[in-house]
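Could you walk me through the aromatic pairs in this protein? I would like a friendly tour that I can follow beside the model.

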Amino acid sequence: MTPITSVLIVDDEPAVRDLMSRWVSGMGLRPQTAANAAEALATLRTRQYDVAVIDVMMPGHDGLWLASELQRDHPHTAVVIATAYTELLDGEAQQQPVADFLVKPFHRERFTLAVDRGRQWRKQTLEEMHWHAMLSIELRDRAAQLCGELQERVATGGSEHDALLALATERMPETAAHGERVARFAHSVAREMGVLRDLEPSLAVAARFHDIGKIAIPDALLTKPSPLTAGEKAIMRQHVDVGAEILQATETLADAGPIVGASHEWFGGGGYPWKLAGDEIPLASRIIAVVDAYDAMTQQRAYRLNLDSSDAIAELLRCCPTQFDPEVLAAFLAVLGRH
């Protein structure tokens with residue numbers, strides 16, 4: 001890994017810039033200075049910096065704006081915010097992914113500590129980036145292996161549906177059982193809405209295999225005892241894309257692929273992977289979203305307690321219409337009321 005040596009100092013006061021520059025040099029690091037946000041962005045176009053120490057109050061764009069720009073365009077540069085206005089630290093600054101805060105005036109020892117924290121933040125960020133890249137490679141490899149194994153099983157006889165179901169049952173029996181329950185619920189909801197004939201058989205296939213992509217998720221994520229990081233969650237979400245790809249690579253199950261691909265979209269537009277909303281989301285996907293959430297909440301998991309039916313329904317209602325289609329949810333509640 002490249003040694004962490006470069007520090008960008010952004011402050012509109014020349015004396016302060018010079019002092020911090022000397023302190024950085026005294027740490028054996030390489031300083032670069034800028035008098036404002038525009039100068040900082042100009043130098044960032046030609047080279048990268050490991051740590052940026054940014055004053056908040058500057059002419060033109062302030063330091064918080066600059067910190068946001070760095071987060072967007074240079075997310076692996078550690079940001080240290082420096083300000084004499086401590087009230088700023090209670091607001092917008094706290095929303096930034098900042099390595100440390102410096103309250104002016106500060107001594108050399110405190111500055112050194114802040115830069116060291118920035119270097120550690122950068123080191124950890126780069127390690128996480130490498131870890132996420134390795135997980136992504138493993139995910140794609142496992143997805144390709146799964147497609148290959150599916151083709152091999154079909155070649156020896158039997159349908160693509162049965163071969164995929166066997167793979168799901170062997171690799172992740174709990175997930176396969178969940179898929180069967182979701183398929184039964186989805187069938188009942190579609191019948192309640194009077195659309196069963198229009199949606200079958202793709203609805204049944206998509207509901208049964210909506211989580212098939214999880215077979216390709218690296219075990220390090222599936223078995224992680226602690227909460228997933230934001231980057232790990234992003235990789236976990238790729239199970240939707242992988243599941244859709246697996247289905248679309250078949251001859252007889254391909255129509256279910258787009259349904260699976262949209263099964264985690266939100267009715268209000270806040271889902272993934274495409275940020276679809278309302279009728280942009282296939283009706284079959286909207287049905288699966290509701291029944292999948294209910295079944296997931298009411299089943300025991302190693303990492304959490306299950307909810308009883310009434311609490312799960314309350315959560316579905318709370319998330320409607322932000323996450324769930326109101327018409328689909330009404331049909332699902334009608335189905336539950338008869339059970």
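## About the model

This is a predicted model, in which local features need pLDDT of at least 70, side-chain atom pairs count only at pLDDT 80 or more, and totals for chains, interfaces and linings use all residues. Residues are numbered from 1 along each chain as its sequence is written, and side-chain values use heavy atoms, with hydrogens and water left out.

## Trp 23 and its partners

Searching the whole structure turns up six aromatic pairs (ring centres of Phe, Tyr or Trp, the latter by its six-membered ring, within 6.5 Å; planes under 30 degrees apart are stacked, over 60 edge-to-face, the rest tilted). One of them joins Trp 23 and Phe 106, a tilted pair with 6.3 Å between centres and 55° between planes. Trp 23 belongs to helix 1 (residues 14-26), while Phe 106 is in the loop between strand 5 (100-103) and helix 4 (108-155), so this pair ties together parts 83 residues apart in sequence. Helices (H or I, at least four residues) and strands (E, at least two) are DSSP runs, numbered from the N terminus.

Trp 23 is buried, at 11% relative accessibility, and Phe 106 is buried as well, at 14%. Buried means under 20% relative accessible area, with exposed over 50% and partly exposed in between (1.4 Å probe, protein chains only). Together with Phe 111, Trp 23 and Phe 106 make up one aromatic cluster.

## Tyr 294 and Phe 332

How are the rings of Tyr 294 and Phe 332 arranged? Their centres are 5.1 Å apart and their planes are at 70°, so the pair is edge-to-face. Tyr 294 lies in helix 13 (residues 283-298) and Phe 332 in helix 15 (residues 326-337), so the contact ties together parts 38 residues apart in sequence.

Tyr 294 counts as buried at 8% relative accessibility, and Phe 332 counts as buried at 0%.
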